[in-house]
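Trainee: I should like to study the aromatic rings of this protein with you. May we examine the structure together?

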Amino acid sequence: MAALPVPLLALALLVLAGCGGPGAAGQRRKEMVLSEKVNQLMEWASKRSVIRMNGDKFRRLVKAPPRNYSVIVMFTALQPHRQCVVCKQADEEYQILANSWRYSSAFTNKIFFAMVDFDEGSDVFQMLNMNSAPTFINFPAKGKPKRGDTYELQVRGFAAEQLARWVADRTDVHIRVIRPPNYAGPLMLGLLLAVIGGLVYLRGSNLDFLYNKTGWAFAALCFVLAMTSGQMWNHIRGPPYAHKNPHTGQVNYIHGSSQAQFVAETHIVLLFNGGVTLGMVLLHEAATSDMDVGKRKIMCIAGIGLVVLFFSWLLSVFRSKYHGYPY
């Protein structure tokens, strides 16, 4: 092969130096693709906080490199014929979290929130070997998702605040959850104060009802039953009401772990505790009241029956959650 003349050789070297060689060209193409992906996501995020994706969008914007942003994806089944009540409840909390991030002053293109519905991206469910919904997965900016990038829904619940803590742990992005104003609490408080004020006004000359021990005891008992059944835990964690298996359709009202519970489980435990308490009250009345012997015997038998029945059911719930307990 003939050698290039010196002027042409110098020109070729200058061109290669200006272009940076094949490696620099590949880097520029990579940066262009990344810029297009980020711009596309930012455009969609400006219109909707949670970006809906099908299989093609998911593979192109989430799975395929390059990517310098994290994507939180909720895999769900929101269509009515799927009858996934938990999916709808989780979606409401997920929307609150995404809106809190989208409209915050700290919003950047470092993280995006997306959703893949089963009826719009069943191929994505198959690709990820996913057989339950809802499921939250963090796809980090670098590498593949690790074990901690899958949200433990059954343990933490799907409250927006819990999701925000998990997002901060996986991405270092701290989101201050801002919920829409809820006027139910103030309205109920106002109604309660109005009722109390009306009673005081109507019975201003006779306030003996405020010294009624039975009334105060009943109110205290209701509060104790609500707290011991786990109402405060539900308020903090925001667990689902129940869990429905998407394959068999079976609904579980009792959580299989001692580290979590469903809202329905709280109601069941409250009912069982109430039944045991009622049985105890009947036994006490049978032993201390001045009624005739026949009625006291009936109350005693009813009290024993309630205690045995509801306490047995309570133990069965305990046994299903604490596996291996030495009974």
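**Aromatic pairs and a helix**

Mentor: A search of the whole structure, which is a predicted model, finds 14 aromatic pairs.

Trainee: How are the rings of phenylalanine 58 and phenylalanine 139 arranged?

Mentor: The ring centres of phenylalanine 58 and phenylalanine 139 are 5.4 Å apart. Planes over 60 degrees apart count as edge-to-face. The planes of this pair stand at 80 degrees, so the arrangement is edge-to-face.

Trainee: Which parts of the chain does that pair link?

Mentor: The two residues are 81 residues apart, and the pair links distant parts of the chain. Both phenylalanine 58 and phenylalanine 139 are buried. Phenylalanine 58 belongs to helix 3 (residues 55-63), and phenylalanine 139 to strand 4 (residues 135-139).

Trainee: What kind of aromatic pair do tyrosine 94 and phenylalanine 113 form?

Mentor: Their centres are 5.8 Å apart, with 70 degrees between the planes. Because tyrosine 94 lies in helix 4 (residues 85-102) and phenylalanine 113 in strand 3 (residues 111-117), the pair ties together parts 19 residues apart in sequence. Tyrosine 94 and phenylalanine 113 are both buried, and their pair is edge-to-face.

Trainee: Over the face of which phenylalanine does arginine 102 lie?

Mentor: The charged end of arginine 102 sits over the ring of tyrosine 103, 5.5 Å from its centre. At 4.8 Å from the ring centre, arginine 102 also lies over the face of phenylalanine 107.

Trainee: How far apart are the end C-alpha atoms of helix 9?

Mentor: Helix 9 (residues 213-228) has 16 residues. At 1.5 Å a residue, helix 9 should span 22 Å. The distance between its end C-alpha atoms agrees, at 22 Å.

Technical notes. Residues are numbered from 1 along each chain as its sequence is written. This is a predicted model: local features need pLDDT of at least 70, side-chain atom pairs count only at pLDDT 80 or more; totals for chains, interfaces and linings use all residues. Side-chain values use heavy atoms; hydrogens and water are left out. Helices (H or I, at least four residues) and strands (E, at least two) are DSSP runs, numbered from the N terminus. The expected span of a helix is 1.5 Å times one less than its number of residues. Rings of Phe, Tyr and Trp (its six-membered ring) pair if their centres lie within 6.5 Å; planes under 30 degrees apart count as stacked, over 60 as edge-to-face and the rest as tilted. Buried means under 20% relative accessible area, exposed over 50%, partly exposed in between (1.4 Å probe, protein chains only). A charge sits over a ring if NZ of Lys or CZ of Arg is within 6 Å of the ring centre and within 35 degrees of the ring normal.
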